[in-house]
Amino acid sequence: MVLDSVLTLLATGMYQAATLYDPGYKTHEWASNQSDTAILVTLILFHIAAIVGSLAGWLLIERYAKKQINFVVMSFVVVGCTVSIAVPHNLIAVAFARSLMGVAHGMAYLVVLVHGGEILVKELRGVIISMINFCIISGALIGAIVNPIGLDSLTANQFLGILGLTYMLLAFILNLVICYESPVFLLQRNHDSEALRSMIKLRNESTETWEIRNEITEMKTMLSEDAITTRSIFLDGNLRPLTLIALGKIASVLSFNYAVNAIKSNVIDEVLDSNGTDIRLSIFILMSIRMVVGMGAMFSVDVVGRRALQLVSTVSTGLLMVAIGITYLATDSITSDIGMALFVACEVGASLGLTFIPDVLCSEAFNTKKKALSIAGVQMLEQILHLTVFAIVYKWDFAEYDQVGATLLVAGLPLLPIGYMLYRKLPETSKMSIRQARIEFYKREGIVFGGSKNSVEALFD
């Protein structure tokens, strides 16, 4: 159902790793004798193209079926991977491949959040949408490990390209066989019978059940409510969920960006004495922690709830980053073992929901007429932040304690008020239908923070 898009994001995540961790590209043949500016532009093209991809996804998703869009996205990945395999040593070819992967990333991310939110059962929506971020992290782990080393007979670009093509073969089969159109999309076009058939397949039933009939009825009610609103993402109460989820994305980037990751990696490499090796054990350790802890949090998001995980993850990460930053600013030396322990604890806190809870909220927060553009706007903000951080600190080595401390303070301090604000303002939407969840986001009073999941009389103020 959403596995094809998830595989696409697993492939594109491998290319995003270059701006999340030190890729060691200056030792690659395509970067030899090239200026720092040329290398920087080549690397950040992924994020620029992802912005373009988000806008393209917004234009396409309300006009074409998801299966058709998925095939378009796959074609971008296939061409990008093929170029990576065929011309791995040419700067222009690498830049072109990264651009294609960025476009595919932006489109696939948007499609899977919109489509997933509309087709998944409410009891499992949180865990399945969380899997999207998990797969991007998995792809980033592969890319971060492979980029500095490559293989005996293959360059890193070629290996990632072959792996990406393998993912796309699986994605093509899944998209062809088990990609069912969203009933919401079909109901918007008055294809009621097709919507019912699609829902029966999505719920793995042979005939219409009371649950399916109720879901279809609620979707029709939701669409009739949304029909009286405008398409502006700043009107009809949409600014509130848009602002809250944008804050969540800002917190996500502050905790997981090139600067913070480089600091963590440098400290752990110093403890492990792995600076002389090609394999960055520090990256493997950090990403493994993020994946293992994140998997546990992912399976609890529909049980514990979104708000609790968001609060614990944001505040614990912010407090640890501020404490570590003050320590680095206040002393001339700090034991590497202690630094490593603190950064590992920080990684555990950040893995509890900071990066995936905003995706879950994106899938359920917005009016159907505004959803695609709202999600695209949030995604573009995320890409701009990653691009900006990487462009600023690209040449920094983070060798000075003052530089490390100031960076951690700048990244950590905003997390504390953001965490408090999100906890106070976010509704608890676990186990709610998308109509109920959207209603809670648009309310200003009587918000459900837990317990009762009943909807309310009025959608807007």
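A nonpolar patch here joins side chains of Val, Leu, Ile, Met, Phe, Trp or Tyr that lie within 5 Å, taken from residues with over 30% relative accessible area and no salt bridge. The views below show a predicted model.

**View 1. A nonpolar surface patch includes Leu169 of helix α6**. Five residues make this patch: Leu169, Phe172, Ile173, Leu176 and Val177. The patch covers about 480 Å². Leu169 belongs to helix α6, which runs over residues 156-178. Leu169 counts as exposed because its relative accessibility is 54%, and the cut-off for exposed is over 50%. In general, an α-helix has 3.6 residues a turn, so residues three or four places apart point the same way.

**View 2. Helix α2 bends at Ile44**. This helix takes in residues 36-61. The bend at Ile44 is about 40°.

**View 3. Ala251 sits buried in helix α10**. Helix α10 spans residues 239-255. Ala251 has 0% relative accessibility, so this residue counts as buried. The cut-off for buried is under 20%. Beyond its neighbours within four places in sequence, Ala251 contacts Leu354, Leu415 and Ile418. The C-alpha atom of Ala251 is 9.2 Å from that of Gly318, although 67 residues separate the two along the chain. Helix α10 as a whole is mostly covered, with 14 of its 17 residues buried.

**View 4. Ser265 is a buried residue of helix α11**. Residues 258-272 form this helix. Is Ser265 buried or exposed? Its relative accessibility is 1%, so Ser265 counts as buried. Which residues does Ser265 touch, not counting those up to four places away in sequence? They are Tyr21, Arg280, Ser282, Ile283 and Leu286.

**View 5. Asn190 and Lys431 have positive phi values**. Neither residue is a glycine. Phi of Asn190 is near 65°. Asn190 lies in the loop between α7 (183-188) and α8 (192-202). With 65% relative accessibility, Asn190 counts as exposed. Phi of Lys431 is about 65°. Lys431 lies in the loop between α18 (415-425) and α19 (434-442). At 39% relative accessibility, Lys431 counts as partly exposed.

Terms used. Residues are numbered from 1 along each chain as its sequence is written. This is a predicted model: local features need pLDDT of at least 70, side-chain atom pairs count only at pLDDT 80 or more; totals for chains, interfaces and linings use all residues. Side-chain values use heavy atoms; hydrogens and water are left out. Helices (H or I, at least four residues) and strands (E, at least two) are DSSP runs, numbered from the N terminus. Buried means under 20% relative accessible area, exposed over 50%, partly exposed in between (1.4 Å probe, protein chains only). Contact means heavy atoms within 4.5 Å. The expected span of a helix is 1.5 Å times one less than its number of residues. The bend at a residue is the angle between axes fitted to the seven residues ending there and the seven starting there. Patches are made of residues with over 30% relative accessible area and no salt bridge: like charges are joined within 9 Å, nonpolar side chains (Val, Leu, Ile, Met, Phe, Trp, Tyr) within 5 Å. Accessible areas come from the Shrake-Rupley method with a 1.4 Å probe; for residues, only the protein chains shown count as cover. A salt bridge is a side-chain nitrogen of Lys or Arg within 4 Å of a carboxyl oxygen of Asp or Glu.
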